[in-house]
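Visitor: Hi, I'm new to this one. Could you walk me through it?

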Amino acid sequence: MKKELGFIGLGRMGLNMVTLLVEKGYRVVGSDPSEEARAAARAIGVEVVSDYSEMTTALSSEKVVWVMVPSKYVDSVLQELIPHLNAGDTIIDGGNSFYRDSLRRHAELKEKNINFLDCGVSGGMSGARHGASIMVGGKLGVFSTHEHIFKALAAENGYARVGNEGAGHFVKMIHNGIEYGMMGAIAEGVTVLNAHEAEFGIDLKEVFKPYEHESIISSKLVSWLKTAYEEGQIELIKGEVPMGETEFEMEHITTLGDVKVLEAALAQRKQTREQESYLGKLV
């Protein structure tokens, strides 16, 4: 087992992930266009390089490079990275790529004898720092060779090879759809509580204590919302939900099956763009 990899994308998620890897004894060679991100990574022990040629030269044979960038930049990163890789090397895409793009990339890289794993990562900043939920798609043999990396980055029992090529990002896409529905339901309920706050003398900060602990609806989403109330963030947040990186994927899911909850959650978000609302702040 070789505890070494290249890591492209040292932003908030990436920095937390490489911090965890370094703590677990991995040699990480990292790259990012931001000087601030490079400095932060260098400070925690990442070997920071200026370009992909320098990165691949620094890595030993049978290289592994994790790509953690917004989905719209993945193709340009791969186009620049691939000429510096050799047959048998492996690329892991840990961002929010559309599964059809991942299928295409699997096929394109197969022609070059470069391994590819598509990997959905969930858990936010805390998960990235202390152990995430990781969903991997790709060939079993490639996954098995590099399983130690996923184990190092995941919460206990929080990673799996969920299927063949494309499955990692497909499963993560569905996960995001479930999250949309959960976020919408939580925001809807808390909006009703807020509307009846005076009638019942409701203290929303206190409501989250039972909601967060051993309740059927206990979740990271509830915990994050509780923190937002405690820190006074709610009143500072605009009541409009912007279109996020994954919204077009949510629209795609509506073509795959009967997903009325997701459809309602999408409509809920779009409505806030026409008229800001308290619910929009919570979502």
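Visitor: Okay, where is Glu214 placed?
Guide: Glu214 is in the loop between α10 (204-212) and α11 (220-230). Helices (H or I, at least four residues) and strands (E, at least two) are DSSP runs, numbered from the N terminus. This is a predicted model, where local features need pLDDT of at least 70 and side-chain atom pairs count only at pLDDT 80 or more, while totals for chains, interfaces and linings use all residues. Residues are numbered from 1 along each chain as its sequence is written, and side-chain values use heavy atoms, with hydrogens and water left out.

Visitor: Is Glu214 buried or exposed?
Guide: Exposed, at 81% relative accessibility. Buried means under 20% relative accessible area, exposed over 50%, and partly exposed in between (1.4 Å probe, protein chains only).

Visitor: What about phi of Glu214?
Guide: It is near 65°, a positive value in a residue other than glycine. Most residues other than glycine have a negative phi. Asn113 also has a positive phi, of about 60°, and sits in the loop between α5 (99-111) and β6.

Visitor: Let's go inside. Which residues touch the most other members of the largest nonpolar core?
Guide: Leu5, Phe7, Trp66, Ile134 and Phe150, out of 33 residues. Such a core is a set of buried Ala, Val, Leu, Ile, Met, Phe, Trp, Tyr and Cys residues joined through side-chain atoms within 4.5 Å.

Visitor: Which element gives the largest share of this core?
Guide: That is α7, with 6 residues. Apart from this core lies another, of 20 residues, including Met183 and Leu225.

Visitor: And what does Ala37 touch?
Guide: Leaving out residues up to four places away in sequence, Ala37 touches Leu10 and Asp32; contact means heavy atoms within 4.5 Å. Ala37 is in helix α2 and counts as buried, at 10% relative accessibility.

Visitor: New topic: how do α8 and α13 cross?
Guide: The axes of α8 (residues 167-195) and α13 (residues 260-274) come within 8 Å and cross at roughly 60°. Axes are lines fitted to C-alpha atoms, for helices over the stretch in contact, and angles run from 0 to 180 degrees between N-to-C directions. That makes α8 oblique to α13: angles under 35 degrees count as roughly parallel, over 145 as roughly antiparallel, 65 to 115 as roughly perpendicular and the rest as oblique.

Visitor: Which residues of α8 make the contact?
Guide: On α8, they are Gly177, Tyr180, Gly181, Met183, Gly184 and Glu188. Their partners on α13 include Val261 and Arg269.
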